[in-house]
Structures are given as C-alpha cells and as structure tokens.
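Please look over the sequence and the model, then read the points below.

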Amino acid sequence: MATIKRSKKRFIVPICIILVLAIAGGATAGAIVKSRKSVTKLYTISSGDISENVTLTGDVTSGSVKEYKVGGVATVKEVFVEVGDEVKSGDELATFDVSDLSTQIATLQSSYDNAVLSYNATKQSYDNAKVMLDKLDDMIADLEDEIAAIQNGEYVPETTSKKPTQSHSYSTPTRSSTSTTKKERTTKEESSSDDNSSSNNSSGTSSGGGGIPNINTIAEALEELNQTLVAISADLDTIAEMSAVISEALAEAIDSGALDSDVIAAKVGDAIAGAIIDGMIDSAMLMVDSGAAVDMIEAAVSSVDFDAIGNAVANSENFVLTTDEIQLASLMAQRGIFKVQADPSLLNAQRVAMNSTKLALDTLKEQKAEMDEGWKAAFDGVITKVDIQPDTQTNLLSAGITLENLDNMTATVSLSEYDVHKVKKGMSATIKTVYGTYDGEVVSVAPTATGGSESSVLDSVGSQMGISGLSSLTSQSAGVECKVAIYNTDENIIPGFSADVEIKTGQFDGVPVVPIESIVLEKEGTFVYLYDETDGTVTKTRIETGAVSDSAYEVKSGLKVGDRIIATPSTDYEEETFKINVE
C-alpha cells in the first residue's frame with residue numbers, strides 16, 4: 001500500500017490563522033477591558049437644600065442647681081432634709097448658730113481695712129515717687145548738660161546764688177550747693193588759674209575737664225547704700241524713713257567737719273538705731289533684725305570715701321565741675337530709691353490682696369446673712385447631697401446641701417473653636433439617648449474656653465468632612481461650654497448620663513450643592529475634578545465651600561449649577577488634567 005505524504009503547509013496555515021485570531025481576540029478583549037476601566041461616572045451640579053448641624057456628645061445635668069455652701073466655721077442646729085427628699089420653694093433645709101461666723105467676719109473686716117490702708121499708702125508713695133522721678137530726671141539732665149558745657153569750655157556761670165537745701169524721700173529734691181555763687185567760684189578759679197596750673201596738671205583729675213577721679217566709685221558706693229536699704233526692707237515707707245534718717249545724719253556729720261568714713265558710718269548707725277528705738281522706723285517691717293540692719297547700713301556708709309570727696313573739692317582745679325559731679329552721683333543714688341518706689345508691681349500686688357480680701361469678706365457676709373435666716377429651698381426640686389449633721393461644726397471642706405430641679409434638665413456639651421461661632425443661643429437642638437429622642441434649645445454659650453491648651457487636629461479634619469466635635473475624643477483640646485435645655489423629659493433622662501446633641505445651626509435652601517463623595521480634601525484646600533465636554537477631559541479644580549450637612553456641601557465659588565464633575569474621584573490620579581470615557 002502506497003504511503004501518502006501530507007504537506008506541512010496544510011497544518012501551518014490553519015495554526016497561523018488560529019494564532020492570529022487568538023491575538024486579535026486578546027487585543028480586542030484587552031481594549032474592551034481598558035475602555036471599561038476608563039469609563040467614568042459624572043455628577044451634575046444642581047441646586048439643593050442644606051440643613052447644617054453641629055453634632056456633639058455631652059452630659060445630662062439638672063437645669064437648676066443650688067449649692068448651699070458653708071464657707072466658714074458655724075454650728076449646725078438642725079437639718080430637715082435627706083438625700084432624695086422632694087422639697088418646695090421656701091421649705092426650710094437647715095438652721096445654724098452663726099456666732100463663730102461673726103467673729104470670722106470681724107477678723108476679715110480688720111484684715112480688709114489694713115489692706116486698704118496699705119494700698120492707699122503704697123499708692124501715695126507710688127504717685128509721689130513718679131513725681132520725684134520726673135523732677136530728678138530733669139535735674140540730672142541739667143547737671144549733665146552743665147558738666148558737658150564745663151568740659152567743653154562753654155560754661156556760663158549763673159549770677160544768682162542757690163542756698164543749700166536738704167532733700168528727703170517725699171520732698172521735692174533740690175540741688176544742694178555751698179552759699180558761694182557759681183560766679184564767685186568761677187572768678188576765684190580764673191584769678192588763680194595761672195598759679196595753680198602746675199598743680200592742676202598733677203592733681204589726678206580726669207582729662208575730660210577737671211572731674212574728680214573717683215566719681216564713679218562714689219556713685220557706686222551711694223548706689224550700694226541704696227541697694228542695702230532695699231535689701232533690709234520691702235516696705236516703701238520704711239525705706240523712705242531710713243533714707244531720711246541717713247540723709248540727716250550725713251549732713252550733720254559733714255557740717256561738723258568729720259570726713260572720716262568710719263566716724264560718719266558710726267554716727268549714721270547711731271541715728272538708725274535711735275530711730276528704731278523711738279519707733280520712727282518700724283522694726284516689724286525689717287527683713288533682718290534691727291542690729292543686723294544697723295550693721296549693714298554702717299558698712300554701706302563706710303564704703304563711701306568722704307575724705308576723698310573733701311580733698312577732691314578742696315584741691316579741684318574746677319570747683320564747679322567737682323561739686324556738680326558729686327551732686328550728680330548723689331542724685332543718681334536718690335533716683336534708685338524712687339525708682340523702687342515707682343515700680344507698679346508692688347502696687348498691683350497690694351491691689352490684688354485688697355480685692356481678694358474684699359471678695360472673701362463679701363462672700364462670708366452673704367453666707368452669714370443666708371445662714372442667719374436658715375437655709376431655705378430656692379425652688380421646687382430634689383435634695384441630691386447632704387454633707388452636714390446636726391450639733392456639729394462646719395468647716396471650709398463641707399459641701400453643705402445640694403438642691404436640683406430634675407424636671408428641668410440640660411445637656412452640657414463642649415464646642416470646639418471650629419464650631420463655637422456657628423452655635424447661638426436660641427437655636428433648636430435634638431438630644432438622643434439610648435432611651436429615645438428629645439427636642440431641645442441652646443440656652444447658653446460660655447464667653448470663654450476652658451480645658452486643654454491646644455486644639456485638636458481632629459476638629460480641622462472633622463470640620464472639612466462635616467463632622468463636628470471630634471475634639472471631644474482627645475483630652476488636650478480646649479472647649480466652650482454650651483448648655484442645651486431638654487424639653488418633654490421623662491424618667492429616662494437621668495443626670496450624669498451622656499447624650500448625643502445635634503444643634504441645628506442653619507438652613508440653606510436653593511444653593512449649589514456638591515456631594516461629599518465628589519470632593520477631594522487636601523491640606524491646600526478643597527478640590528473637585530471638573531469635566532470639559534469640548535475635549536473630553538477633567539481638570540482638578542479648587543472650590544470654596546460653605547454650609548455642610550452629613551451628605552453635601554454648599555458651593556460658594558469654583559462651580560456653578562450645570563457643571564459636571566467626577567462623581568467619585570480616585571485618590572491616585574497622577575495628572576491634574578486627563579481624558580476620560582464618560583458613562
């Protein structure tokens with residue numbers, strides 16, 4: 001039997017055709033799949049209504065609460081109620097013997113009177129010190145100008161003499177000088193200038209025009225004396241009295257011709273000790289004992305080189321310049337005293353102490369007046385706490401009696417900084433508990449925030465997503481207390497339990513709206529993908545939103561009614577503008 005050979009071409013052609021069909025079919029299927037992936041659903045912007053709400057979680061509390069607090073020591077006579085008792089307005093709750101409170105009030109009144117006297121004295125000292133500072137500043141400026149004029153050779157002596165005067169704490173400070181007029185001194189200096197020229201060159205005076213070489217040392221010593229007085233006492237009157245005694249003792253010692261620093265220091269110490277003994281200086285106002293105070297003052301005075309001052313004046317090539325510089329150092333030291341007295345911090349502290357004492361006194365008087373008559377129910381309600389017992393003494397830790405009106409209930413919530421400006425008194429609200437839903441109304445919004453020191457980032461995110469009150473999930477956010485009255489309450493509303501509160505903050509009808517799912521929230525702003533029918537592309541577009549509900553935003557700019565956007569944009573678009581296949 002003959003063998004028949006079959007051509008391989010007969011098999012190759014069909015196989016090639018099958019492969020071509022398979023490839024073509026795969027490509028077609030791939031194209032179909034790709035096309036399906038690119039098909040995008042659009043949403044057309046239209047007008048709608050938005051009910052804007054702020055949703056929070058808070059605690060249920062009694063709408064009317066009266067806490068009867070003792071605030072002092074008194075003796076309880078009788079207690080007429082127990083926890084759970086229902087009372088009517090005016091019912092007697094407890095009676096007291098308030099004789100101890102009267103003693104406390106008398107003591108507190110005395111403390112307040114003393115605080116007023118201290119404040120007034122400090123205020124007078126403060127006002128006087130400010131006046132003295134202004135005058136001293138003017139005198140110091142005049143002296144500095146005069147010293148500069150002498151050093152520059154521009155000084156013109158005055159023709160009127162100035163009698164020496166002594167300055168002390170509350171008198172007008174005046175520049176002291178000798179009875180010799182500046183004109184006479186200058187004439188004397190000019191007539192002897194040629195004879196003294198050689199000695200002037202070796203006198204050790206400053207090159208600036210005859211100033212004494214230790215003027216800075218003298219100023220530092222006087223300032224040290226000033227600081228010593230401040231260290232000895234914080235009472236301005238005591239500092240002023242010590243300054244006056246020291247000034248008088250220094251003047252007497254120098255007038256007697258004594259220039260030895262230790263001798264002068266001893267005389268000043270004796271004068272201070274005598275003033276303390278005589279009661280001119282109140283030893284109770286010293287921060288150290290009187291003996292130590294005298295020693296400190298003597299040490300400060302002895303550090304002043306009075307002999308050098310005398311020699312400087314006697315040997316100075318320019319008597320006017322020398323005395324001006326010494327006077328300047330003295331005025332600067334005086335200025336230090338008055339600067340302490342003109343510091344407002346002590347005056348403010350005295351004011352706070354006075355006001356605090358006044359508040360405590362008024363509070364105690366009110367409590368005594370209330371307890372004199374006995375505690376009476378301020379309204380119909382239920383007694384929820386009793387912390388006093390008959391025939392016992394109260395104390396500051398006693399809670400007293402708490403009366404609550406359980407027929408008048410509120411929900412207390414905390415508003416974040418993102419919600420507080422939306423919520424106003426009188427807005428309607430819905431309160432939800434595990435037992436039911438109740439109508440309500442905002443009755444108060446606190447003027448200040450309490451709680452944490454920084455805001456939660458959750459509030460920012462929640463505000464953009466239409467979710468309010470996320471800050472309540474953190475413990476670090478501050479909040480503004482808001483009370484919402486609960487209407488038509490029943491036995492299921494129990495103080496202390498939590499409730500969800502939804503406050504209706506606004507109704508916006510006929511505004512352009514965009515679904516929440518069509519929006520992309522980024523830290524730079526709020527975006528949608530706007531469709532362009534001309535070229536079949538979408539572009540990432542920023543919009544401004546307004547009111548928000550749980551499902552939509554009000555569009556304030558960036559879109560208009562009739563615009564078409566991607567209904568549910570993806571989060572992984574790589575381009576801001578690209579073509580799409582519209583469903």
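Rings of Phe, Tyr and Trp (its six-membered ring) pair if their centres lie within 6.5 Å; planes under 30 degrees apart count as stacked, over 60 as edge-to-face and the rest as tilted. By this rule, the count is 5 aromatic pairs. The model is predicted: local features need pLDDT of at least 70, side-chain atom pairs count only at pLDDT 80 or more, and totals for chains, interfaces and linings use all residues. Residues are numbered from 1 along each chain as its sequence is written, and side-chain values use heavy atoms, with hydrogens and water left out.

**Aromatic rings**

- A pair of aromatic rings is described by the distance of the centres and the angle of the planes.
- Y68 and W375 form a tilted aromatic pair, with 5.5 Å from centre to centre and 40° between the planes.
- This pair links distant parts of the chain, since Y68 lies in strand β3 (residues 46-68) and W375 in strand β7 (residues 375-376), 307 residues apart; helices (H or I, at least four residues) and strands (E, at least two) are DSSP runs, numbered from the N terminus.
- Both Y68 and W375 are buried, where buried means under 20% relative accessible area, exposed over 50%, and partly exposed in between (1.4 Å probe, protein chains only).
- Y529 and F578 also form a tilted aromatic pair, at 6.1 Å centre to centre and 50° between the planes.
- Here too the pair links distant parts of the chain: Y529 is in strand β15 (residues 525-532) and F578 in strand β19 (residues 577-579), 49 residues apart.
- Y529 is buried at a relative accessible area of 6%, and F578 is buried at 15%.
- Y68, F96 and W375 are linked into a cluster by ring pairs.

**Charges over rings**

- The charged end of K66 sits over the ring of Y68, 5.2 Å from its centre; the rule asks for NZ of Lys or CZ of Arg within 6 Å of the ring centre and within 35 degrees of the ring normal.
- K540 lies over the face of F527, at 4.7 Å from the ring centre.

- Strand β10 (residues 428-433) and strand β11 (residues 436-451) pair in the antiparallel sense over 6 bridges; two strands pair if DSSP finds at least two bridges between them.
- β10 and β11 form a hairpin with 2 residues between them, and T433 has G436 in β11 as its bridge partner.
- β11 also pairs with strand β12 (residues 478-486), in the antiparallel sense over 8 bridges.
- In that pairing, G451 stands opposite A478 in β12.

**Around T412**

- T412 lies in strand β9 (residues 401-415) and is buried, with a relative accessible area of 16%.
- Its side chain makes polar contacts with the side chain of T61 (3.5 Å) and with that of K483 (3.1 Å).
- A polar contact is a pair of N or O atoms within 3.5 Å; within protein, one must be able to donate a hydrogen and the other to accept it, and residues adjacent in sequence count only if both atoms are side-chain atoms.
- Leaving aside neighbours within four places in sequence, T412 is in contact (heavy atoms within 4.5 Å) with G58, D59, T61, E481, C482 and K483.

**The chain overall**

- The chain holds 12 helices and 20 strands.
- Of its 583 residues, 37% are buried.
- Among contacts with a separation of 6 or more, 79% come from residues 24 or more positions apart.
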